[in-house]
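Student: Hi, could we go through this structure together? I'd like to look at a few residues and then the strands.
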Amino acid sequence: MMKNRRSVRAYTREPVPEEKLEKILQAGLLSASGRAIRPWEFILVRDKETLKQMAKARAAGAKMLEEADSAVVVLGDETKTDVWTEDCSIAMANMHLMADSLGVGSCWIQGRLREASDGRTTEAYVRELLGYPMQLRLEAILSLGMPKDHPSPHTEENLLTEKIHKECYGAK
């Protein structure tokens, strides 16, 4: 399963079935979080005009939202925990994996610490577009759509095993 998970940026016009969207969102809700605080909030966006506007939320790297069937905006409540970014990243990763396992294409679009095409922060751009409160911070956006094609799976030969260190860094 893990070898097959790839970012998919090109989608057909076929809608993602509701039951698959539900399972993807449930994967996010079932994610682990520090002290089980679950600081995330998700906004499911399906409106085509809003998706087109969201494609401008990044100076580069969000264009696939124009063709996406939907997107999940992942927000974290910074007043609940100082590890909201980590907790929201776990939820994003789980939704990304679930989408792939269901045959739905998805791509992680980083929002935090990024800039929109109009010079504002991505967070300010998306907040104005979707109207979420100030204590909620943008982590990322997960684009979703039925894939035009799926990149080839990763192979074990391409794994960077030199990044694994046993017992201490640099040990052989």
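Student: Which side chain does S106 have a polar contact with?
Tutor: A polar contact of 2.6 Å joins the side chains of S106 and H96. Polar contact here means a pair of N or O atoms within 3.5 Å; within protein, one must be able to donate a hydrogen and the other to accept it, and residues adjacent in sequence count only if both atoms are side-chain atoms. Bear in mind that this is a predicted model: local features need pLDDT of at least 70, side-chain atom pairs count only at pLDDT 80 or more, and totals for chains, interfaces and linings use all residues. Residues are numbered from 1 along each chain as its sequence is written, and side-chain values use heavy atoms, with hydrogens and water left out.

Student: Is S106 buried or exposed?
Tutor: Buried, with a relative accessible area of 2%. The cut-offs are under 20% relative accessible area for buried, over 50% for exposed, and partly exposed in between (1.4 Å probe, protein chains only).

Student: And which strand is S106 in?
Tutor: S106 belongs to β3, residues 105–110. Helices (H or I, at least four residues) and strands (E, at least two) are DSSP runs, numbered from the N terminus.

Student: What does β3 pair with?
Tutor: β3 and β4 run antiparallel, joined by six bridges. Two strands pair if DSSP finds at least two bridges between them. As one example, C107 stands opposite S143 in β4.

Student: How many bridges join β2 to β4?
Tutor: Eight, and that pair is antiparallel. V74 has A140 as its bridge partner in β4.

Student: How many residues of β4 are buried?
Tutor: Nine of the 10, so β4 is largely enclosed by the rest of the structure.

Student: Switching to the cores, which residues touch the most other members of the largest one?
Tutor: M54, L65, V73, V126, L138 and I141, out of 23 residues in that nonpolar core. Such a core is a set of buried Ala, Val, Leu, Ile, Met, Phe, Trp, Tyr and Cys residues joined through side-chain atoms within 4.5 Å. α2 (48–54), β2, β3, α4 (122–130) and β4 (136–145) each supply at least two of its residues. There is also a second, separate core of 19 residues, including V74 and L142.

Student: Last one: where is D77, and what does it touch?
Tutor: D77 sits in β2, residues 70–77. Leaving aside residues up to four places away in sequence, D77 touches P39, W84, Q135 and L136, where contact means heavy atoms within 4.5 Å.
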